[in-house]
Amino acid sequence: MAEKRLLENKTVIVTGSKRGMGRQMVTTFAENGANVIAHARVQDDEHMDFCNTLAEKDHVKIIPVYFDLRNESEIKNGIKTIRAKKMVIDGLVNNAGISYTALLQMTSIDQLREIMDVNFFAPYILSQYISKMMLRNKKGSIVNISSSAALDGNPGLSAYGASKSALLCMTRSLAAELGENNIRVNAICPGVTATDMINDMKDDIFRIQKEASFLKKVATPDDIANTAMMLLSDMSKYITGQVISVDGGITQFSKR
Amino acid sequence: MTNLELYKKSFCETFEIQEDALKGLVYQGIPSWDSVGHMNLVATLEEAFDIMMDTDDVIDLSSYEKGIEILKDHYDIGF
Ligand SMILES: NC(=O)c1ccc[n+]([C@@H]2O[C@H](COP(=O)([O-])OP(=O)(O)OC[C@H]3O[C@@H](n4cnc5c(N)ncnc54)[C@H](OP(=O)(O)O)[C@@H]3O)[C@@H](O)[C@H]2O)c1
């Protein structure tokens, strides 16, 4: 018997789908039967081809949308484009993000604002508008990709960690606000994950992170995509307001 | 159905009230127009008029009459 596709007939939005975890999410969700609205910052042929190829392979719709998450009016126009598709939106994954590591004195306020714009304000605005669409159907699942940096307090991560912590507060609060309309809101805190984002990580830090994991390896994008899929699917229909660490136990390790 | 009828229907169905209760109705003036009811009203209006309300307008929608003004001025809905 063919395996059941976990997201069959659902439509989900994924931000930052050009690279890394976002790209893997689109792949995993499509394989599992979802129609995906695949957001990226700017239009390009490679991303269009990626969407078209997946759509054909998995017999789903993959609709690319393009807007810069630093720009509120671009975000709103993007949402208008999504609304114009007249699709019932079942899920939103606020995945796109930027990282930044610098000590307090080396963090400019402009840099801090940009991090907050992309990592917190954009997910906030998207949740505001997309949850209104979910409200009409009295169902939905929002998944926020935070970070293990939101839970620890390592040097150099005051800006990035704060933006990701803000996302966790938003997650819990929205879960409480939207729950009675059957909209669930959860967050994932990935540990170090093999994507472009960690390209600049120093070798010794990478090694320490790997060693600190109970599993002695870093995460791969599919570890995060699979967890997001579970949270979007009806398998998790009684899970809301939760923060799920997908970090090989690193945050537990640091408590010892 | 005229836009005014559609507007009234959105209020009546969301808050489970009769049309004669609409005039002068304000946010939090009845138990069903609480913050949750407000979000449901906005979702209903967006659906009914096929618009996407700006968050500033969602915040400003403080009464039955104010809603008409917002829809007229910001979304070109004729009443
Ligand atoms: N990798 C890790 O170790 C790790 C650990 C914990 C949490 N996370 C979080 O996981 C999420 C995904 O990270 P990743 O590792 O997949 O990162 P990535 O490979 O660097 O990809 C980030 C994605 O976000 C998009 N993005 C960034 N700024 C944008 C903007 N202003 N407008 C539109 N899109 C924008 C990028 O688009 P472009 O291609 O156009 O730049 C890209 O597609 C992020 O929220 C990150 O903070 C990552």
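Where does A:N182 lie in chain A? A:N182 sits in the loop between α5 and β6 of chain A.

## Basis of the model

This is a predicted model: local features need pLDDT of at least 70, side-chain atom pairs count only at pLDDT 80 or more, and totals for chains, interfaces and linings use all residues. Residues are numbered from 1 along each chain as its sequence is written, chains are lettered from A and ligands numbered from 1 in the order in which they are written, and side-chain values use heavy atoms, with hydrogens and water left out.

Helices and strands here are DSSP runs (helices H or I, at least four residues; strands E, at least two), numbered from the N terminus.

## Two residues with positive phi

Most residues other than glycine have a negative phi. A:N182 is not a glycine, yet its phi is positive, about 65°. With a relative accessible area of 44%, A:N182 is partly exposed. The cut-offs are these: buried means under 20% relative accessible area, exposed over 50%, and partly exposed in between (1.4 Å probe, protein chains only).

B:D76 also has a positive phi, near 55°, and is a residue other than glycine. B:D76 is placed in the segment after α4 (64-75) of chain B. B:D76 counts as exposed because its relative accessibility is 72%.

## The ligand site

The ligand is surrounded by 29 residues. The closest are A:M21, A:N95, A:Y160, A:K164 and A:T195. A residue is near a molecule if one of its heavy atoms lies within 4 Å of it. By class, the shell holds twelve nonpolar, ten polar and seven charged residues. In this scheme Ala, Val, Leu, Ile, Met, Phe, Trp, Tyr, Cys and Pro are nonpolar, Asp, Glu, Lys and Arg are charged, and the others, Gly among them, are polar.

Polar contacts are pairs of N or O atoms within 3.5 Å; within protein, one must be able to donate a hydrogen and the other to accept it, and residues adjacent in sequence count only if both atoms are side-chain atoms. A:D68 places a polar side-chain atom 2.9 Å from a ligand nitrogen. A:L69 uses a polar backbone atom, 2.9 Å from a nitrogen atom of the ligand. A:T195 has a polar side-chain atom 2.5 Å from a ligand oxygen. Taken alone, the ligand exposes 900 Å², and the protein buries 94% of that. These areas come from the Shrake-Rupley method with a 1.4 Å probe; for residues, only the protein chains shown count as cover. Helices α1 (20-31) and α5 (158-178) of chain A are the elements that give two or more residues to the shell.

## The nonpolar core

In soluble globular proteins, nonpolar side chains tend to be buried together. The largest nonpolar core here has 34 residues. Such a core is a set of buried Ala, Val, Leu, Ile, Met, Phe, Trp, Tyr and Cys residues joined through side-chain atoms within 4.5 Å. A:I37, A:I75, A:I89 and A:I130 have the most contacts inside this core. The elements that give it two or more residues are β3 (62-66), α3 (72-84), α4 (109-137), α5 and β6 (183-190) of chain A. Its largest share, ten residues, comes from α4(A).

A:L126 lies in helix α4 of chain A. A:L126 is buried because its relative accessible area is 1%.

## A buried asparagine

A:N186 is in strand β6 of chain A. A:N186 is buried, with a relative accessible area of 0%. A polar atom of the A:N186 side chain lies 3.2 Å from the backbone nitrogen of A:G241. A polar atom of that side chain is also 2.9 Å from the backbone nitrogen of A:Q242.

For A:C169, the nearest cysteine sulfur is that of A:C189, 11 Å away. A:C169 is exposed, at 52% relative accessible area. A:C51, at 0% relative accessibility, counts as buried.

## Other exposed positions

A:L103 lies in the loop between β4 (91-94) and α4 of chain A. A:L103 is exposed because its relative accessible area is 54%. A:Q252 lies in helix α8 (residues 250-253) of chain A. A:Q252 counts as partly exposed, at 42% relative accessibility.

Key
Disulfide = S-S within 2.5 Å.
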